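Biologist: Could you walk me through this protein slowly, please? I am still new to reading structures.

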Amino acid sequence: MEKISGGGRRGRDETEEERADRRFGELLQELRVAQTGVQILFGFLLTVAFQPRFTELTGTDRIIYTVTVLLGAATTGVLVGPVSFHRLLTGKRLKPQTVAWASRLTMLGLVLLLCTMASALLLILRVVVDDAHAAWLVVGMVVWFVVCWFVLPVWTRMKERPKG
C-alpha cells in the first residue's frame, strides 16, 4: 500500500498477484481498442496493392506504401505479443513479469502505430495535395497524436504526483 503525506493511504489493498491480475485485465481492454484500429488500417493497406490505380503510383509512393505495410505488420505483431506472453506463461507464476513485458510491448505498439499512421497519411495526402503540403499536414497530425497519446498522460502523471 502506498503512503501519502499526512499519514493517509493511497491505492488498493491487494496482493502482488491480485494487482498483476487487475493490471493485465486493464491492459487487455486497452489492447482491444488499439488492435481493432490496427487491424482495420492493416486490412485496408493490404487491399491497396490490388486496386487498379496502384500501378499509377510513383516509385516514391510505392516505397512509402511498402514501409507503411511493414509498419502495420510490425504494429500488429507487437500488439498481439501480450496475448502470446499470457498464453505461454499462464500457470508459471510469472504474472507480474508478464504484465511488465505486455506493458512494454503495448507502449512499443503505440509508437509503431504512430509511425504507421504517419506513413499512411503521407501516402494518402501525397495523392490528394501537393507533396510540400502533405508533409506539413502529416507533421501536424503526428504532433497531435504525440500530444494526445504521450504528452497529456505524462503531464497528468507529473502534475498529480504526490508531493513529499
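Modeller: What follows is a tour from the overall layout down to a few single residues, and please keep in mind that this is a predicted model.

Biologist: Okay, how many helices and strands does the protein have?

Modeller: The protein has four helices and two strands, and if you read from the N terminus, the elements come in the order β-β-α-α-α-α.

Biologist: And what is its overall shape like, in numbers?

Modeller: Along the principal axes, the C-alpha atoms fill a box of roughly 65 × 40 × 15 Å. The radius of gyration of the protein is 20 Å, whereas a compact globule of 164 residues would have one near 15 Å.

Biologist: Let's look at α1. What span should that helix have, and what does the model give?

Modeller: Helix α1 covers residues 16-48, which is 33 residues, so at 1.5 Å a residue it should span 48 Å, and its end C-alpha atoms are 47 Å apart, which agrees.

Biologist: New topic: how much space lies in the largest pocket, and which residues lie nearest its centre?

Modeller: The largest pocket holds about 370 Å³ of space, and of the 16 residues that line it, V48, R53, F54, L57 and V127 lie nearest the centre. The elements that give two or more residues to this lining are α1 and α3. By type, the lining residues divide into ten nonpolar, three polar and three charged.

Biologist: Where is L57, and what does it touch?

Modeller: L57 is in the loop between α1 and α2, and it is buried because its relative accessible area is 18%, with under 20% as the limit. Apart from residues up to four places away in sequence, L57 touches R62 and V127. L57 and V127 are 70 residues apart in sequence, yet their C-alpha atoms are 8.7 Å apart in space.

Biologist: Now the opposite case, which residue could show me an exposed position?

Modeller: R93, in the loop between α2 and α3, counts as exposed because its relative accessibility is 77%, and exposed means over 50%. The phi angle of R93 is near 60 degrees, a positive value in a residue other than glycine.

Biologist: And how far is M158 from F50?

Modeller: M158 and F50 are 108 residues apart in sequence and 47 Å apart in space, taken C-alpha to C-alpha. M158 belongs to helix α4, residues 131-159, and this residue is exposed, with a relative accessible area of 53%.

Technical notes: Residues numbered from 1 in each chain as written. Predicted model: local features only at pLDDT ≥ 70, side-chain atom pairs only at ≥ 80, totals over all residues. Heavy atoms only, no water. Expected span 1.5 Å × (residues − 1). 1 Å grid on protein atoms, 1.4 Å probe; cavity = no way out; pocket = protein on both sides within 12 Å on 5 of 7 lines; lining within 4 Å. Points joined across faces, edges and corners; volume = space filled by probe spheres on them. Nonpolar A, V, L, I, M, F, W, Y, C, P; charged D, E, K, R; others polar. Rg over C-alpha atoms; globule rule 2.2 N^0.38 Å. Buried < 20%, exposed > 50% of the residue type's maximum accessible area, 1.4 Å probe, protein only. Contact = heavy atoms within 4.5 Å.
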